Amino acid sequence: MEIFRTKSVEQSIRDTEDPEHQLRKRLTATDLTVFGIGVIIGTGIFVLTGTVAKGLAGPAVALSFVVAGIVCGLAALCYAEFASTIPVAGSAYTFAFATLGEFPAWVIGWDLLLELALAAAVVATGWSGYFASMLASVGIPLPESIAGANPVVNVPAVLIIAVLTAILVAGIKLSSRVNLVLVVTKVAVVLLVIIAGLFFIRAANYTPFIPEAVSTPRVGGLNAPLIQVLFGITPVAFGVIGIFTAAAIVFFAFIGFDIVATAAEETLEPQRDVPRGILGSLAICTFLYVAVSLVVVGMQNYSQLSTSAPLSDAFRAVGHPWLATIISVGAIAGLTTVVLVLLLGQTRVLFAMSRDGLMPRALAAVHPRFGTPARLTVVIGVVTMALAGFVDFEELAELVNIGTLFAFVVVSIGVVVLRRTRPDLPRAFRAPLVPVLPILSVLACIYLMLNLPIETWLRFLIWMAVGVVIYFGYSYWHSRTAAPVKGGR
């Protein structure tokens, strides 16, 4: 069937040499690692630590981060093999096109567009809240109509996206330098939390390290987790099972390492540096998450932790509110880099889809001076500004989670397929224990997807249905892969 026509690895690489659609190679392994840290360390480390420690895992929240890091590591190894074999923009979309075919590639690309657009808008909205709070603390409160709980237009969110869009248009190297400064700032704040917090740890707060398990109330209606409806299983708080339940939540604090793969085409030595960037950023962030969680639950009893600002409030509780202000600055820097890298990832996925003809090819034109898909970057920036400025995402945020997990499943399956169909390909990095490792990755991701509410699944399926309509109405007829058969270019 034509819709399952694959695009060869060789053709994907040849497409990167087209002068009109050629991205400039400027990135190193360090740049990629910093990009990964920039997108991973965000609200997760500043908020989720207190939420899951207080309600699900107790002091053992550190083990939840370890479990989540291992699950992400399984998918990261698959991404690293693909990125070293097919160093082309597009990440999971490009990998799916080479293994599963055009239609599955469209589906995953459409999924990534949803994931990255919503994530960028959601994080920009969170950035606006931190920024408004910081201004208020120095006596410059912003009007509720532009930066309150329910603003008419979320002006700070719109402005930060506009600034970051301009930086992305100006070049990938400038983007990496701005990202580096902000990442250094927020990592310094995280290390300050760890080092300063060590002086306020009380051993008694670690007892019991794994609190006794308790049943949690069943959730009804569309808010019920799918796993509860299918198998009658409800989550358990605390105990060993509580650690894994918490891992299903803190897993989402790691989302973003896969975006490093979208920059493979702009990397000087992608076969070597992209795997290093993916695995290096994940390892560093896992260490920081575990260290912070151990310090916070040692400073304050887990039952008393704040669920909105656990790090800041922990220092207030021990009589050092000035550290709370520094932590807020780190949070703002952290969220800025998250928005920057999410916008970068979205432009590169849509760039790859446009270059293949599944989206209008005119969008894939590269700016002759900046070497970036400037036209496409501006379009995405404007759309994201509109979303962040006018839409309330509270109920849609979990679509980011299901979209990411779906991409992980596709990439894990694709590694096994490409090993069988193209064993001859040179692979600078090879994931170990194939096919066992990819199968474990698929099972772990599906388990986490089953823990998401039915309502999230329904919204995801509706988005996918819209994508199918667009594919058969436009993309199928304009695909360059099938151009000799259908005559579309």
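Let's start with aspartate 15 and arginine 480. They form a salt bridge, with the closest N and O atoms 3.7 Å apart. Salt bridge here means a side-chain nitrogen of Lys or Arg within 4 Å of a carboxyl oxygen of Asp or Glu. Aspartate 15 sits in helix 1 (residues 9–15), and arginine 480 sits in the loop between helix 18 (454–478) and helix 19 (483–486), so this pair ties together parts 465 residues apart in sequence. Helices are DSSP runs of H or I, at least four residues, numbered from the N terminus.

Some ground rules. This is a predicted model, where local features need pLDDT of at least 70, side-chain atom pairs count only at pLDDT 80 or more, and totals for chains, interfaces and linings use all residues. Numbering runs from 1 along each chain as its sequence is written, and side-chain values use heavy atoms, with hydrogens and water left out.

Back to the pair. Is aspartate 15 buried or exposed? Buried, at 8% relative accessible area. Arginine 480 is partly exposed, at 24%. The cut-offs: buried is under 20% relative accessible area, exposed is over 50%, partly exposed is in between, with a 1.4 Å probe and protein chains only.

Next one: glutamate 81 with arginine 419, at 2.8 Å, N to O. Glutamate 81 is in helix 4 (residues 61–85) and arginine 419 is in helix 16 (residues 398–421), so parts 338 residues apart in sequence are tied together. Glutamate 81 is buried, at 3% relative accessibility. Arginine 419 is buried too, at 18%.

Now a pair with other surroundings. Arginine 272 bridges to glutamate 269, closest N and O atoms 3.7 Å apart. Arginine 272 is partly exposed at 39%. Glutamate 269 is partly exposed at 42%.

On to helix 12, residues 270–299. At 1.5 Å a residue, its 30 residues should span 44 Å, and the end C-alpha atoms are 43 Å apart, which agrees. The expected span is 1.5 Å times one less than the number of residues. How many of its 30 residues are buried? 21, so helix 12 is mostly covered.

Last, the core. A nonpolar core is a set of buried Ala, Val, Leu, Ile, Met, Phe, Trp, Tyr and Cys residues joined through side-chain atoms within 4.5 Å. The largest has 158 residues. Tyr79, Phe251, Phe257, Ile278 and Leu342 touch the most other members. Take isoleucine 278. Leaving aside neighbours within four places in sequence, isoleucine 278 contacts (heavy atoms within 4.5 Å) Ala76, Tyr79, Ala80, Ala83, Phe257, Val260 and Ala261.

How values were computed
Helix = DSSP H or I, 4+ residues; strand = E, 2+ residues; numbered from the N terminus.
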